[in-house]
There are 2 protein chains.
Amino acid sequence: MADSFYTLHKTEGAARRGTFMTPHGPIEMPAFMNVGTAGAIKGGVSSPDLCELRCQVELCNTYHLHLRPGEEVVRAMGGLHRFMNWERPILTDSGGFQVFSLASLRKIEEAGVTFQSHIDGRRIFMGPEESMRIQSALGSTIAMAFDECIQNPAERNYTSRSISRTTRWLARCRKEMDILCSRKDAVNPRQMLFGINQGSTYHDLRIEHMKAIREIPCEGYAIGGLAVGESAEEMYSVIEAVEPFMPADRPRYLMGVGTPVNILESVRRGVDLFDCVMPSRNARHGHLFTREGIRNLNNEKYKTDPLPIEEGCGCPACRNFSRAYLRHLLRAGEMLAMRLLVMHNLWFYNTLMEDIRRSLDEGRFDAFAREWIPILGRRI
Amino acid sequence: MADSFYTLHKTEGAARRGTFMTPHGPIEMPAFMNVGTAGAIKGGVSSPDLCELRCQVELCNTYHLHLRPGEEVVRAMGGLHRFMNWERPILTDSGGFQVFSLASLRKIEEAGVTFQSHIDGRRIFMGPEESMRIQSALGSTIAMAFDECIQNPAERNYTSRSISRTTRWLARCRKEMDILCSRKDAVNPRQMLFGINQGSTYHDLRIEHMKAIREIPCEGYAIGGLAVGESAEEMYSVIEAVEPFMPADRPRYLMGVGTPVNILESVRRGVDLFDCVMPSRNARHGHLFTREGIRNLNNEKYKTDPLPIEEGCGCPACRNFSRAYLRHLLRAGEMLAMRLLVMHNLWFYNTLMEDIRRSLDEGRFDAFAREWIPILGRRI
């Protein structure tokens, strides 16, 4: 088994307060990763901005970076950290999710997947080894295993065959990553690898797969293939089913999730790490997360409203500008609206995670979750 | 005559080093105004960002703000300064230029112009009084007179009739602005008014018009209707013709100009104030102004270039990021590229103006202009 870099400080029910030590510094958990798809947060937010927003860890997409600028450009620049001027941890996904959601004309075989680029249509092959080589060239802190992400609902027999292949792919990822890390010219010789649990909404297959992949030593394990068509209740029940079989001394990452309520409900069920495009995507449509609920800034009632998006919020948008000004910028299609609103929502998410951690430290997470779940989901 | 708020410190040939004192603080001249069309710089640059870029004065467009969000929204928010969170001077144009360049189905009469909005097609009437009322509601530091901006080349008889009307319009602007400033509820009771010289490329008409408008007391005078089709040489010759007839104790503003070379050549001919969308528009296409010349960041040769856009530049883009990263962001269509490149170009322009002022202070402007004119216009 690989060494554990996760320290569990405290639990409350299934909820966990821990620290994950990486080659690029600690990640206090539970944590939310801010998504910088192509090496930048959508909306004009830079790495120094992310520090101001108190982001601990950024997620970048292997598929996008492979297509543009290409991993060899990033390697030549000294890796993603130097390229983006970001010193804290970076997690790269495997490219699998985008291959299965964005690319066209896919052909899945034991070796890997052949697909067409969504940018220029060229044919590309990616398997476990290719994904590891790309992520190694990017030099991220944490690489994700190459898996098949199945849409829900999925046929049971297909799911069963798919998770067996994903287990075999994880073994190949582990082997390839060990080779890559031992190379003298490795961008990050201490690159970590997380395995990914699949199995659609079949609890027994989820558990079977989790038992199989935990035998392959990884620095963390993720639950993948959720938030892709099933209900929130189904998602929570999958987490409850699989969580007891996840190694307690490794971080647990719920991929692509979710709303503030999803996060509270999942922390409650033992999840440590999250990522989601929702804060930035919703911001670009004028939907702002606040401690009163979700505010739609397009609403006419904010036309001459001198208050900030959220009273008492310390984000760069709320410190400087009124709802009226931000609504004007949004309606005028000004990039400045995108930037300021994305910054507000990321600040909100990063602050929520800090509040969750503090409530765990102080043994009052359950009360915290009960108080905020009814509020954070409502539209105001 | 209105009081003079312009102090002339030093001259070198026709070039002038002065300070213009406004109700929102001093503008050290020669100065370049950063253009925030609809109440924000294109590319996601905020008012606090502009302070970092050492912008002295921002220009906003009356036509755009009239259509969206409407001047009454801005007035209700306490005026443009509070709306945008910008305490330094703001100049608003009259709306005339956009009426003559963006709007359609124009009908020009003595009273003013009827036109169709380029946003929703509705019929709008704007004359001198309407322009002053809108700018008064916006509460800018400096309002521009409502004039007719003629495309070059223009027919001589039409030009002659047009400048007579523009003179009569200026008298109406002055009268209306005096009334508006005397109102108890004026957003800015000390709002300044600049008259605008027209006359196409006919030197005698330009001089005739300048002599007419200088009789109407204004806090400054502008040369309008240039950089709209004529050559740079024609533009310089118009400035040379009209400059001796401009009041020496008032700032001279050359509207919509221009490249760094245009600015050096015009300062040399006695101009104090400039505005242009070029730094932000060129930045969005990857064309960056540097002390070596104009760099096209789209060029393949910057693919893995670890240097900043301009070595030694202190702007937020050059302090943090490489050409390779910025080129990647630009090609990926990331908003962050727009923001960082616009900030570089505005920093370059604002720094150029500081350098021009310092060279005037030190009596070496002519040498400075001779040294930089051949360099700043070249493509590298």
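In which sense do strand S5 and strand S6 of chain B pair, and over how many bridges? To find out, select residues 58-60 and residues 90-92 of chain B: strand S5 and strand S6 pair there in the parallel sense over three bridges, where strands are DSSP runs (E, at least two residues; helices are H or I, at least four), numbered from the N terminus, and two strands pair if DSSP finds at least two bridges between them. This is a predicted model, in which local features need pLDDT of at least 70 and side-chain atom pairs count only at pLDDT 80 or more, while totals for chains, interfaces and linings use all residues. Residues are numbered from 1 along each chain as its sequence is written, and chains are lettered from A and ligands numbered from 1 in the order in which they are written.

Within this pair, B:Leu59 stands opposite B:Leu91 of S6(B). Next, select helix H8 (residues 203-213) of chain B, which packs on the sheet and touches strand S11 (192-197) and strand S12 (220-223) of chain B; contact here requires C-beta atoms, placed from the backbone, to lie within 7 Å.

Then widen the view to the barrel of chain B, into which eight strands close in the order S4-S5-S6-S10-S11-S12-S13-S14, with parallel pairing.

Now turn to the contact between the chains, which takes 35 residues from chain A and 34 residues from chain B. On the side of chain A, the elements giving two or more residues are helix H3 (71-76), helix H4 (80-84), helix H13 (323-331) and helix H14 (335-361).

Finally, colour chain A by domain 1 (6-276) and domain 2 (283-376), bounds that come from an automatic or database domain assignment; their C-alpha centres lie 27 Å apart.

Definitions and conventions
Contact = placed C-beta atoms within 7 Å. Axes fitted to C-alpha atoms, helices over the stretch in contact; angles between N-to-C directions.
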